[in-house]
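The following report concerns a protein complex whose sequence and coordinates are shown below. It is intended to be read beside them.

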Amino acid sequence: MSPLHTSPHTLFTNSVTRVMLLVVIAMVPAMIAYIHFFGWGILINATLCLVTAFSCETAMLRLRNRPLWPYLTDGSILVTALLIAFALPPILPWWIPVLATAFATIIAKHLYGGLGYNPFNPAMAGYVVLLISFPKQMTAWLPAQSDQGYAMGFIDNLRYNLFNELPANTSYDILTQATPLDVVEAQTGLGHNIAEIENSFVQFSDYFGVGWDWVSLMFLLGGLFLIYKRVISWQIPIAMLGTLALLSSIAYLYNDQIHPDPLFHLLGGASMIGAFFIATDPVTASTTPRGQIVYGIGIGIISYVIRTWGNYPDGVAFGVLLMNIAVPTIDYYTQPRVFGHDKDD
Amino acid sequence: MRKLNAFHGGLKLEGHKQISIQEPIITAEIPEELIHPLHQHIGDTAQPIVEVGDRVLTGQMIAQAEGFISAPVHAASSGTVIAIEPRLVAHPSSIKDTCIVIKTDGKDEWIETTPHNEDYKRMDPSGLRNLIRDSGVVGLGGAGFPSYIKLNPGAKNGISTLILNGAECEPYITCDAALMIERPREIIDGLLIMRHALQAKVCLIGIEDNKPEAIQAMQQALTLQEKTIIDVITIPTRYPAGSEKQLIKTLTNIELNANQLPVHNGIVVHNVATAAAVGHAVLLGKPLISRIVTVTGAAIDRPNNYDVRLGTSMQVLSRQAELQSHKMERLVVGGPMMGFEITELESPVLKTTNCLLTITAEELPQEMHAMPCIRCGDCIRVCPANLLPQQLYWHARAKDFEKLQQYSLFDCIECGCCTYVCPSHIPLVHYYRFAKTEIGAQERDRKKSDIARQRHEFNQYRAERKKQDDEERRRKKKELLKKSQQSEHKQDAIAAALARVNAKKEKAPANTDIDNKKETNQ
């Protein structure tokens, strides 16, 4: 007699694949905005990331004697690859996305035990390793295409990324520019005030960094969709963005000459993608409701501190990785009160 | 309007209740053979008081309660006892258990009953409780706890609130709903008796809002006077609203402590069907010999509620409900969330059998590879006990029993919400049950080994003491011996001395002579 089935005797209502595919769907608006403002580079990078990710995943599953089909179709590797593609500048030598993704998949994910067991967000681990190793390439962005400047087409972008060939009459330095966050960090460091910076750099429109605002708003849209679909809970994004807003407001009110306003922080850099798509990675984030708030606040503080005083223009990736290590401790101290137990039981 | 209180977590589930509640309750046929297990309740097994070959009447007690927590068993119809032997009983582990098997004679001849009508109010509570105990009434909601115990709060616990559980939160099951719709008076009569036994002040009847007909029927059955003490309360449909602790929280906002019983808070909860059974027992003097069972699911052609004699085999019942075996993939006793699968239809309907649910292949997942836990926390959001199911799973896998208890494993009510929402399709509840059993076994082993060790230590101590005692005794004996020997010596010495003296005395003249001689010689 076969062993009896245990309750519940119902169909599954959810699956890892469904969760991951919803995340991918939620990225689509931001992807469109990104292509619109920064060209086709992200698709080239995404393709490289996806090919690398699936190859490494297959190889690691083989080595670890794990079944291929369920893990290749769970969607997690798809999300990791796309997050890396979003984090990388569009104009970039091909081996950077490949290295970042290979590191993410092989070391950050599989060497720690694969899906569900990795303590660090694989996409951010891959990104940060490359950021530290190749800071120049990793921080040079194309200007938003609505701006004047050289509009790089798909073929140009592809030729550069794959063969390191630039279009005639231009150079890497002419083509690329620093991100708005980078500019603010560097220029305030040189003693310029925010108004001067915003007037003298093309990266800025009247208000935010050109293009970045729209991409961020699209991530916000996707994030709200994920909350609505109950794929993510509100605690982490609200705590992280709230902390960023609070800290930048205090600084802005204290001295608006050297501190950009809160909206610049919320819509600049990786705040939105970080809050809704990266910090909420279920495997590496805190799981208890109160813990998620602590975790989100932690990422907000670290991001703000690195942006304002650190060496890197953005700090979300570092914030996520640093808080990843703290998760077991946070979860331990933020256990919910069990039904019928006193608080300290 | 009473203020209701939400409990944490839970699920909104598709009810599937309409399938089995279209038609009135059908009285099931009396089968040729009734199988009465001696153990259909929580507590000690009942002891048979009939023998093979005896003729028994409907309602006759055939096994008596044994021990403080126990319930008797009654013949569900008249006939002859043809066997007292182990038979297959519907149980999660599909075990065989001793059953009294009756071949029915079709006459359904009742024993003489003693209706009490209204005079129960003059009976003293203990007499009333004994009557209910002897009627074999146990919790019909599923737990099967002997009801008379829950009508005996003890002198220390005054009962302020008596709750009737009509929530019936599991999908598919409608036996309580059908009872409330068709026989509300029986429930209320039973409730009044319970209230009298408990001397409870307020009575609440909690019913989920997906059963408007039941709510209406119950409300209409109350007299104006009864309405002042009995409150029919509509509660939101949210699984597991019918779980005792969750129901108490919803209705009274009291959160029972993990190691507390409702009675410690002045609350007693009974199922609506139990109330009706108590009513039968007292007012009509009829013991529990039948119950309403929902037979439902896509493989049943006549899904309905059946009034079934206890001991009827599932085979007979399902045949009457026109089971299409070829459509059925799984047969479950209970609901889809907490019920257990059975594979053998010979097992009988028990006092606790509320539903026979057939499930087709399309309603079940294809056997799929369970993925690793991705720590999404969906389980945390739905857990009505507010546990951390993913941590429990982690520690259950690691068999870290200490951690499991730290994470309050035993507060898990096994409602299945976590498994239901898990995107990784991990059979979480299965892990928790396993861990609980293991811990239980370990604890028993520990107790056993504790006892063994204590015995061993005691034996050693005894041996040691015996040795010491023996030595002591030996030593004393020796001492005594020595002493006596010494004293013998002394006496000998004294005697010898005396003898010498005497001898001297006797010889004295001679001696004197000698002395004299000596003297003379000198």
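## Basis of the model

The structure is a predicted model. Local features are described where pLDDT is at least 70, and side-chain atom pairs count only at pLDDT 80 or more.

## Nonpolar cores

The largest nonpolar core holds 237 residues. The members that touch the most others are A:Ile84, A:Met124, A:Tyr127, B:Val293 and B:Leu317. Helix H1 of chain A, residues 16-38, supplies the largest share of this core, with twelve residues. Another core, of five residues, lies apart from the largest one; among its members are A:Leu181, A:Val184, A:Ile194 and A:Ile197.

Which residues are in contact with A:Ile84, leaving aside its neighbours within four places in sequence? They are A:Cys49, A:Pro97, A:Ala100, A:Thr101, A:Ala104, A:Ala123, A:Gly126 and A:Tyr127. Of these contacts, A:Tyr127 is itself listed with A:Ile84 among the core residues that touch the most other members.

## Contact between chains A and B

The contact takes 34 residues from chain A and 46 residues from chain B. On the side of chain A that touches chain B, H1(A) gives the most, with three residues. By class, this side of chain A has 16 nonpolar, 15 polar and three charged residues.

## Domains of chain B

The domain assignment of chain B gives domain 1, residues 115-285, and domain 2, residues 378-429. Their C-alpha centres lie 31 Å apart. The contact between them takes four residues from domain 1 of chain B and four residues from domain 2 of chain B. The side of domain 1 that touches domain 2 has two nonpolar, two polar and no charged residues.

## The parallel sheet and its helix

Chain B contains an open sheet of four strands in the order E11-E10-E9-E12, with parallel pairing. The edge strands are E11 (230-235) and E12 (267-271) of chain B, each of which pairs on one side only. From one strand to the next, the twist averages 25°. Helix H7 of chain B, residues 272-284, packs on the sheet and touches E9 and E12 of chain B. The direction of H7 makes about 85° with that of E12(B).

Within the sheet, strand E9 (residues 161-166) of chain B is joined to strand E10 (residues 202-208) of chain B by six bridges, and the two run parallel. One bridge is found at B:Asn165, whose partner in E10(B) is B:Gly206.

## Antiparallel pairing around E8

Strand E8 of chain B, residues 95-104, pairs with strand E2 (residues 33-37) of chain B in the antiparallel sense over five bridges. In this pairing, B:Glu33 has B:Lys103 of E8(B) as its bridge partner. Strand E7 (residues 79-89) of chain B also pairs with E8(B) in the antiparallel sense, over ten bridges. Here the bridge partner of B:Arg87 in E8(B) is B:Asp97.

## A covered helix

Helix H2 of chain B, residues 175-182, is mostly covered, with seven of its eight residues buried. The buried residues are B:Cys175, B:Asp176, B:Ala177, B:Ala178, B:Leu179, B:Met180 and B:Ile181.

## Backbone features in loops and segments

A cis peptide bond joins A:Ser7 and A:Pro8, with omega about -5°; A:Pro8 is found in the segment before H1 of chain A. In chain B, a cis peptide bond joins B:Tyr239 and B:Pro240, where omega is about -5°. B:Pro240 is placed in the loop between E11 and helix H6 (244-252) of chain B.

Positive phi values occur at two residues other than glycine. A:Asn65 has phi near 55° and is placed in the loop between helix H2 (41-63) and helix H3 (68-72) of chain A. Is A:Asn65 buried or exposed? A:Asn65 is exposed, because 6 other C-beta atoms lie within 10 Å. B:Glu322 has phi near 60° and lies in the loop between helix H8 (314-320) and strand E15 (328-333) of chain B. B:Glu322 counts as exposed because it has 12 C-beta neighbours inside 10 Å, and the cut-off for exposure is 12 or fewer.

How values were computed:
Residues numbered from 1 in each chain as written. Chains lettered and ligands numbered in written order. Core = buried A, V, L, I, M, F, W, Y, C linked by C-beta atoms within 7 Å. Buried ≥ 20, exposed ≤ 12 C-beta atoms within 10 Å, placed from the backbone. Contact = placed C-beta atoms within 7 Å. Nonpolar A, V, L, I, M, F, W, Y, C, P; charged D, E, K, R; others polar. Domains from an automatic or database assignment. Pairing = 2+ DSSP bridges. Axes fitted to C-alpha atoms, helices over the stretch in contact; angles between N-to-C directions.
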